[in-house]
Amino acid sequence: PFRALQNHMASECAFCKIVQGELPAHKVFEDAQTLAFLDLNPITPGHVLVIPKEHHEWLLDLPIQIQGPLLETVQRVARAILKATNAQGFNVGMNNGRVAGQIVFHAHFHIIPRYAGDRLTHWPGHSGDERSLKDLCEKIAAAMEKR
Ligand code: 5GP
Ligand code: ZN
């Protein structure tokens with residue numbers, strides 16, 4: 001049946017459907033602007049996704065007024081995960097863009113609880129040479145947009 005879409009929703013977005021209650025999810029927290037639910041394919045037990053209820057594709061589209069509430073929910077849920085599990089720390093991650101592994105184009109933070117001996121490995125780093133560090137620093141600093 002036809003239903004007018006409000007511009008803060010996307011018709012084929014799985015996370016908008018979870019917000020609307022059209023898809024089930026294991027919701028752990030919800031407030032006016034944000035929602036947190038278990039990831040269907042947890043990297044570690046207790047892996048939670050935190051999303052804005054409004055549909056925005058990625059970090060660069062998130063209005064400033066949503067950013068604070070979103071990070072507050074990340075913090076509150078992370079605290080709850082530490083209490084509810086024997087995790088000793090957590091990673092917060094966000095995939096932005098297909099090349100970065102983003103699959104669902106409704107902005108979301110991953111909270112990935114970390115357990116002693118969970119065997120997840122760190123991203124590899126490569127020691128940077130001073131010239132390219134300096135070069136990139138200048139380029140990025142020059143590309144910063146005014147507020
Ligand atoms: P990303 O876009 O950050 O790469 O990953 C999307 C994440 O959402 C994946 O970890 C995937 O397991 C999770 N995911 C995708 N669709 C659903 C869904 O319908 N429900 C839930 N709970 N998680 C989902
Ligand atoms: Zn959406």
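Reader: In β5, which residue is the bridge partner of valine 48?
Author: In this predicted model, local features need pLDDT of at least 70, side-chain atom pairs count only at pLDDT 80 or more, and totals for chains, interfaces and linings use all residues. Residues are numbered from 1 along each chain as its sequence is written, chains are lettered from A and ligands numbered from 1 in the order in which they are written, and side-chain values use heavy atoms, without hydrogens and water. Strands (E, at least two residues) and helices (H or I, at least four) are DSSP runs numbered from the N terminus, and two strands pair if DSSP finds at least two bridges between them. β3 and β5 (residues 109–114) pair in the antiparallel sense over 3 bridges, and in β5 the partner of valine 48 is isoleucine 111.

Reader: How many bridges join β2 to β3?
Author: In β3, valine 50 is the bridge partner of alanine 36. The strands β2 and β3 run antiparallel, and the bridges that join them number 5.

Reader: Which residues of β3 point the other way from Val48, Val50 and Pro52?
Author: Strand β3 (residues 48–52) is mostly covered, with 5 of its 5 residues buried; buried means under 20% relative accessible area, exposed over 50%, and partly exposed in between (1.4 Å probe, protein chains only). In a regular strand, side chains alternate between the two faces of the sheet. Val48, Val50 and Pro52 point one way from β3, and the buried residues that point the other way are Leu49 and Ile51.

Reader: Which polar side-chain contact does histidine 110 make with ligand 1, and at what distance?
Author: Ligand 1 is surrounded by 15 residues, the closest being Asp39, Gly101, Ile103, His108 and His110, where near means a heavy atom within 4 Å. A polar contact is a pair of N or O atoms within 3.5 Å; within protein, one must be able to donate a hydrogen and the other to accept it, and residues adjacent in sequence count only if both atoms are side-chain atoms. A backbone N or O atom of glycine 101 lies 2.6 Å from an oxygen atom of ligand 1. For histidine 110, a polar side-chain atom and an oxygen atom of ligand 1 are separated by 2.7 Å.

Reader: Is cysteine 16 buried or exposed?
Author: Cysteine 137 counts as exposed, at 52% relative accessibility. Cysteine 16 has a relative accessible area of 3%, and is therefore buried.
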